[in-house]
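Student: I'd like a close look at a single part of this protein, please. Could you walk me through it step by step?

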Amino acid sequence: NLYGMLGQHDKSLLHFRRAVSIDPACVGAWTLLGHEYLEVHNTSAAVSAYRTAVTLDEREYRAWYGMGQIYELLQLFPYALHYYQKTTALRPGDARMWVATAGCLEKLCRPRDAVACLERAAQCESTASDNYATTLRRIAQHCASTDPTRAATAYKSLLAAPRCKPQEAAEAQLFLVAHYCDCADAALELPPAAARAPSFDPYQHDPARGSGGSGRSQGKPSFDSRRDEAAGWLRMAESLLEDLVGSIGDHAATVAARRARLDRLRRVLDGR
């Protein structure tokens with residue numbers, strides 16, 4: 001094992017082959033032999049060693065994980081997924097196993113299942129770990145277009161993570177500003193931002209004005225209550241934009257667009 005850590009894999013292979021010949025029932029030796037074969041890119045020998053290990057002890061998760069890595073390298077993702085799922089069953093509290101499984105699910109175009117695995121990984125990972133922030137970012141990016149509320153939850157957790165990098169923080173803040181503006185739109189019953197014409201002016205749109213000018217639709221909250229809700233979302237968006245002012249870098253154009261949208265929404269609130 002020392003030779004392996006020193007990068008002297010030929011010597012390491014020699015000693016591990018000797019070890020399994022002396023004690024063929026030593027599970028750990030077979031697993032480490034598989035690791036060394038993998039290091040020298042002898043995948044067939046590595047698989048053989050790993051299979052011997054799991055035959056001797058089906059709970060040897062390191063060998064299952066090793067086989068998953070090999071089949072992932074070979075881009076045989078269904079097989080890799082099978083072996084990674086073995087590891088998550090044996091080590092449900094190990095974030096690495098869930099991240100590896102999520103990676104295969106992404107390759108197999110199963111984003112929802114990948115997100116579920118990444119969420120399990122985030123639960124298992126220490127919040128002080130670099131991997132925790134990376135995992136949260138992947139969750140948010142997956143959900144950004146299909147489940148923005150879920151993405152917002154992940155981005156808020158990312159901002160609170162001790163190892164959140166400046167670039168990750170900027171990405172999270174920009175997304176949350178847009179999300180909070182969407183929430184304000186929903187509260188005011190404005191058309192979704194993506195569906196508006198470029199010339200759309202929210203000041204001219206009065207969702208509270210019903211037939212006869214009563215300003216109330218049956219079963220719906222008053223405009224005042226919806227306006228208060230929207231104002232709360234806008235305050236959160238404005239706070240995030242203020243945090244971005246000193247570190248916008250390459251995001252200047254996006255920040256300007258977010259600011260323009262906030263100003264248009266603020267006109268709706270202040271004009272009534």
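Which residues are buried in H3?

Tutor: Happy to, and please keep in mind that this is a predicted model. In H3, the buried residues are Val27, Ala29, Trp30, Thr31, Leu33, Gly34, Glu36, Tyr37 and Leu38. Just after H3 comes His41, with a positive phi of about 65°.

Over residues 27-60, the chain is 79% helix and 0% strand, with the end C-alpha atoms 8 Å apart. Over residues 61-94, the chain is again 79% helix and 0% strand, and here the end C-alpha atoms are 11 Å apart.

Finally, a word on the largest pocket, whose volume is about 160 Å³. Its lining includes Tyr65, Arg96, Glu125 and Arg138. Helix H7 (95-107) and helix H9 (130-143) are the elements that give two or more residues to this lining, and H7 gives the most, with five. By class, the lining of the largest pocket has four nonpolar, four polar and three charged residues.

Terms used
Residues numbered from 1 in each chain as written. Predicted model: local features only at pLDDT ≥ 70, side-chain atom pairs only at ≥ 80, totals over all residues. Heavy atoms only, no water. Buried < 20%, exposed > 50% of the residue type's maximum accessible area, 1.4 Å probe, protein only. Helix = DSSP H or I, 4+ residues; strand = E, 2+ residues; numbered from the N terminus. 1 Å grid on protein atoms, 1.4 Å probe; cavity = no way out; pocket = protein on both sides within 12 Å on 5 of 7 lines; lining within 4 Å. Points joined across faces, edges and corners; volume = space filled by probe spheres on them. Nonpolar A, V, L, I, M, F, W, Y, C, P; charged D, E, K, R; others polar.
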